[in-house]
Amino acid sequence: MEKSKELLSMLENPEYFLNAQRQTLESRIEAKKLTKSETKKVRIESAKSVGRKASMDLLNQSWGNMIVDIIGAHEEIEGKLNESKEALLLGEYLNKSDNQEYALKRLINVITDPYGSILFNKLLLILKDYPADGDMMDILRDTLLNLSDVNNFKSVFTKYKFLISLIDRITPQAMVILQDYLKWPPFSMSMIINNNHVEGDMSKEFTDAYSHSKGIDDPNIVSRIQYSVQELQKNEFVFGSQISTGQVIMQPSEVGMDLIGFINHG
C-alpha cells in the first residue's frame, strides 16, 4: 500500500520529489566548496595533466564522491519516474476497460506468457522515453488494450514485435495524424503519377489543406505537422493517389493500416 501511495504522489506532484532531490544535492555542493588554496592546487595539478587525465585528477581530488552521488540520484529519479509512468499506463488501461476485473485478468495473461511478456516490456521501453502527459501515453494504452485481447501470443509475436518497432520509429505527433486518416482532405498539387501513386513530396500541400480543415494557423504547429507528414512518407506509411476531381488524396499504405489497427482500440 505504501508503494502505491508513493507512486500516486509522484503522478500527482512529480515536482515535489524532484525539487527535494535538487535541494539535497545543491546543499551538498555548497557544503563541499573548496577553499581558495584547494581550488588553486586542483587547477595547478590539473593544468599539468592533458585531456581526459585532467578530468580524472579533478574528480579524484575534489568532486569524485559528489559525482557518484549525482549518478545515484539520477538513477533513483529515473526509476521512480518510470515506475510512476508504468502505473499511470496501467491506470489508463483499466480506465478505458469496460470490465476492470476482466481487464486485470487479461493483463496477467500478457505478463505471464513468454511471448506476451516480451511485447509488454517493449511497450514499457518506449514509455521510458516520453513524458506521462503526452500523446504517447494514449497510444500505448490503446496498444496494450489490443495486446490484452490476444489469446495466442506466439502466433502474433513476429507481427506485433514489428508493429511495436514502428511505434518506436516515428513521433507520437505523426501517429496522431495517421490515426486521423478518415478526416484527411483532398488537395491540389503538381504531380507525376506512377502505378496510380503520386510521386514526390506532398507534405507541404497536404499540411496546408489539413491545417486549414482543422482551423490551425499557428506557424509552429503547422511546421510540426509538415515534419510529421514527411515522417509518414519517409517510412512509407502513406501514399498519394489522384482522384476524379484531379486533386490528390493521401491515404495509408498497407503497413500504415496495420499500424493504425494496432494503436487504435474501440
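The chain exposes about 16200 Å², of which carbon and sulfur atoms supply 52%; accessible areas come from the Shrake-Rupley method with a 1.4 Å probe, and for residues only the protein chains shown count as cover. The model is predicted, so that local features need pLDDT of at least 70 and side-chain atom pairs count only at pLDDT 80 or more, whereas totals for chains, interfaces and linings use all residues. Residues are numbered from 1 along each chain as its sequence is written, and side-chain values use heavy atoms, with hydrogens and water left out.

Of the 266 residues of the chain, 36% count as buried, a class defined by under 20% relative accessible area, with exposed meaning over 50% and partly exposed lying in between (1.4 Å probe, protein chains only). The chain has 12 helices and four strands; helices (H or I, at least four residues) and strands (E, at least two) are DSSP runs numbered from the N terminus. Among contacts in the chain with a separation of 6 or more, 69% are accounted for by residues 24 or more positions apart, a contact being defined by heavy atoms within 4.5 Å.

Helix α9 (residues 172–179) contributes the buried residues P172, A174, M175, I177 and L178. These buried residues pack against α7, α8 (153–167), α10 (203–214), α11 (219–234), β3 (238–242) and α12 (254–263).

Two packed helices are described by the angle between their axes and the distance between the axes. Axes are lines fitted to C-alpha atoms, for helices over the stretch in contact, and angles run from 0 to 180 degrees between N-to-C directions. Angles under 35 degrees count as roughly parallel, over 145 as roughly antiparallel, 65 to 115 as roughly perpendicular and the rest as oblique.

Helix α7 (residues 135–148) packs with α9 at an angle of about 60°, the axes being 9 Å apart; the two helices are therefore oblique to each other. The contact is formed by D135, M136 and I139 of α7 together with P172, M175, V176 and Q179 of α9. By class, five of these residues are nonpolar, one is polar and one is charged, where Ala, Val, Leu, Ile, Met, Phe, Trp, Tyr, Cys and Pro count as nonpolar, Asp, Glu, Lys and Arg as charged, and the others, Gly among them, as polar.

The axes of α9 and α12 come within 10 Å and cross at roughly 95°, which makes α9 roughly perpendicular to α12. Here M175, L178 and Q179 of α9 meet G256, L259, I260 and I263 of α12, and the contact has five nonpolar, two polar and no charged residues. For α7 and α12, the axes come within 7 Å and cross at roughly 85°, so these helices are likewise roughly perpendicular to each other. The contributing residues are I139, D142, T143 and N146 of α7 and G261, F262 and I263 of α12; they divide into three nonpolar, three polar and one charged.

Within helix α11 lies V229, which counts as buried because its relative accessibility is 0%. Not counting residues up to four places away in sequence, V229 touches S203, F206, T207 and M250. The C-alpha atoms of V229 and L178 are separated by 8.7 Å, although the two residues are 51 positions apart along the chain. In the loop between α11 and β3, E236 has a phi near 60°, a positive value in a residue other than glycine. At 59% relative accessibility, E236 counts as exposed.
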